[in-house]
Amino acid sequence: MLSSLLRFRLEILDTLGFLARYRLSERLIELKVPEKLLDVACHDTHVTVQEFALRVLKQMLKHDKAKEVITI
């Protein structure tokens with residue numbers, strides 16, 4: 001059973017995934033969401049959260065504006 005905090009973090013990532021697919025806004029870029037997702041993907045303590053963050057980041061990087069702010 002997932003802890004409530006873990007479930008909450010996964011729900012946040014799910015919402016960000018929806019926004020990345022259908023409503024990526026300039027505001028998300030301004031808030032540095034792609035960079036924060038990269039940080040979560042690399043450093044979160046739960047592998048499931050890391051995987052969700054990578055999936056959302058992959059969706060975001062389909063947009064040119066998001067690609068511009070991530071330098072790998």
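1. Contact here means heavy atoms within 4.5 Å. This is a predicted model, in which local features need pLDDT of at least 70 and side-chain atom pairs count only at pLDDT 80 or more, while totals for chains, interfaces and linings use all residues. Residues are numbered from 1 along each chain as its sequence is written, and side-chain values use heavy atoms, with hydrogens and water left out.

2. Asp 44 sits in the loop between H3 and helix H4 (47–60); helices are DSSP runs (H or I, at least four residues), numbered from the N terminus. Asp 44 counts as buried because its relative accessibility is 18%, where buried means under 20% relative accessible area, exposed over 50% and partly exposed in between (1.4 Å probe, protein chains only). Leaving aside residues up to four places away in sequence, Asp 44 touches Arg 9, Asp 39, Val 49 and Gln 50. A polar atom of the Asp 44 side chain lies 2.9 Å from the backbone nitrogen of His 46.

3. The largest pocket holds about 150 Å³ of space. A pocket is an open set of points on a 1 Å grid over the protein atoms alone, where a 1.4 Å probe fits, with protein on both sides within 12 Å along at least five of seven lines; lining residues have an atom within 4 Å of a point. The volume is the space filled by probe spheres set on the points, which are joined across faces, edges and corners.

4. Among the residues lining the largest pocket are Arg 9, Lys 36, Asp 44 and Val 49. Two or more lining residues come from each of helix H1 (4–22) and helix H3 (33–43). The lining divides into seven nonpolar, three charged and no polar residues. Asp, Glu, Lys and Arg count as charged; Ala, Val, Leu, Ile, Met, Phe, Trp, Tyr, Cys and Pro as nonpolar; the others, Gly among them, as polar.

5. Which residues have the most contacts inside the largest nonpolar core? They are Leu 13, Leu 16, Val 33, Leu 37 and Met 60, in a core of 16 residues. H1, helix H2 (26–30), H3 and H4 each supply at least two residues of this core. Such a core is a set of buried Ala, Val, Leu, Ile, Met, Phe, Trp, Tyr and Cys residues joined through side-chain atoms within 4.5 Å.

6. Lys 32 lies in the loop between H2 and H3. The phi of Lys 32 is near 60°, a positive value in a residue other than glycine.

Methods. A polar contact is a pair of N or O atoms within 3.5 Å; within protein, one must be able to donate a hydrogen and the other to accept it, and residues adjacent in sequence count only if both atoms are side-chain atoms.
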